[in-house]
Amino acid sequence: MKVTLKDKVVVVTGAGGGIGSAICEGVAKEGARIALCGGNNLEKLNASADIIREYGVDPYVLPGDLANMDFLTTCIDKIAQHFGRIDILINNAGIAHNAPFEETKMEDFDRIMNINVKVPFVLCQKVLPYLRESNHATIINIASVVAHKGYVNQAIYTASKHALHGFTKSLANEVYAENIRVHTVCPGGVFTDMVKVTRPDLTGEDMIMPEEIADIVLFLLTRRGNAVIDDICVRRAAKNPFDV
Ligand code: NAD
């Protein structure tokens, strides 16, 4: 059954980035209220907020470093205070790392695991009390095809996305009976700044567009029936279908 997002409160992390900005525009078109949570690039965050305003939506912009524990542990409460509720969390912020296994430093390990695993883990914990009050409670965690595969020179990024996908599966089962839906979206190469790090071999026309990932997120958010999707793996059309 297709349902509306009108007036639902959606939290998007990494909202100034390529996929995050497209997701914000997608949910703004559906009439949702949006919190842009975290990000140090104010110019990009404000650009995303301006796009949202074009749809008549007044976004709540909360800049900050999600690696900062004070910011991380207080941002959900601040958003709930601002809007009076939270219905949907989209954990989209992430960072990539490209290096041979033996050259991956411990500080890279900690930095990538922190942003790609610990941050969404903590935000999921913080948001659950609010989602329990919602009739549209949903969490979407943006992982990657490397939550399923392992690319050369991406050991730590791959480990982080496997971990994100792993805890998402457990959480989905834990809260399912409370009518809270939890999904992972696992994109292949998407045309954003990040892909220059993860897939420097790809060119624009080879890649998935951020709006295509936003459409998939919208599909998940606007269907609430008996058919539930756990995770979605999105491959580039240029790829061999048997090699996701
Ligand atoms: P992007 O670099 O354009 O966006 C990443 C966003 O995360 C930025 O807005 C950035 O500000 C935010 N972020 C990173 N560290 C942060 C921190 N410490 N505090 C606050 N915000 C922080 O990249 P993107 O491609 O839009 O990536 C979005 C998500 O999609 C990521 O989780 C990424 O791993 C995933 N992904 C991307 C691709 C791809 O090919 N682009 C493929 C699969 C998965």
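Start with the lining of the largest pocket: select H1, helix H2 (42-53), helix H4 (106-131), H5 and helix H6 (195-198), which each supply at least two of its residues. Helices here (H or I, at least four residues) and strands (E, at least two) are DSSP runs, numbered from the N terminus. A pocket is an open set of points on a 1 Å grid over the protein atoms alone, where a 1.4 Å probe fits, with protein on both sides within 12 Å along at least five of seven lines; lining residues have an atom within 4 Å of a point.

This is a predicted model: local features need pLDDT of at least 70, side-chain atom pairs count only at pLDDT 80 or more, and totals for chains, interfaces and linings use all residues. Residues are numbered from 1 along each chain as its sequence is written, and side-chain values use heavy atoms, with hydrogens and water left out.

**Largest pocket**

Centre the view on Asn92, Ala93, Gly94, Ile95 and Met194, which lie nearest the pocket centre among 47 lining residues. The volume is about 1000 Å³, counted as the space filled by probe spheres set on the points. Colour the lining by class: 20 nonpolar, 19 polar and eight charged residues. Ala, Val, Leu, Ile, Met, Phe, Trp, Tyr, Cys and Pro count as nonpolar, Asp, Glu, Lys and Arg as charged, and the others, Gly among them, as polar.

**Ligand**

Now show the ligand. It sits in the largest pocket, as more than half of its atoms lie within 2 Å of the grid points.

Which ligand atom lies 2.8 Å from a polar side-chain atom of Asp65? A nitrogen atom. Turn to the backbone next. An N or O atom of Gly17 lies 3.0 Å from a ligand oxygen, and one of Ile19 lies 2.9 Å from a ligand oxygen. Taken alone the ligand exposes 820 Å² (Shrake-Rupley method, 1.4 Å probe); the protein buries 88% of that.

**Second largest pocket**

Move to Lys169, Ala172, Asn173, Val182 and Asp230, nearest the centre of the second largest pocket. Its volume is about 180 Å³, and 14 residues line it. The lining has five nonpolar, five polar and four charged residues.

Technical notes: Polar contact = N/O pair within 3.5 Å; in protein donor to acceptor, adjacent residues only side chain to side chain.
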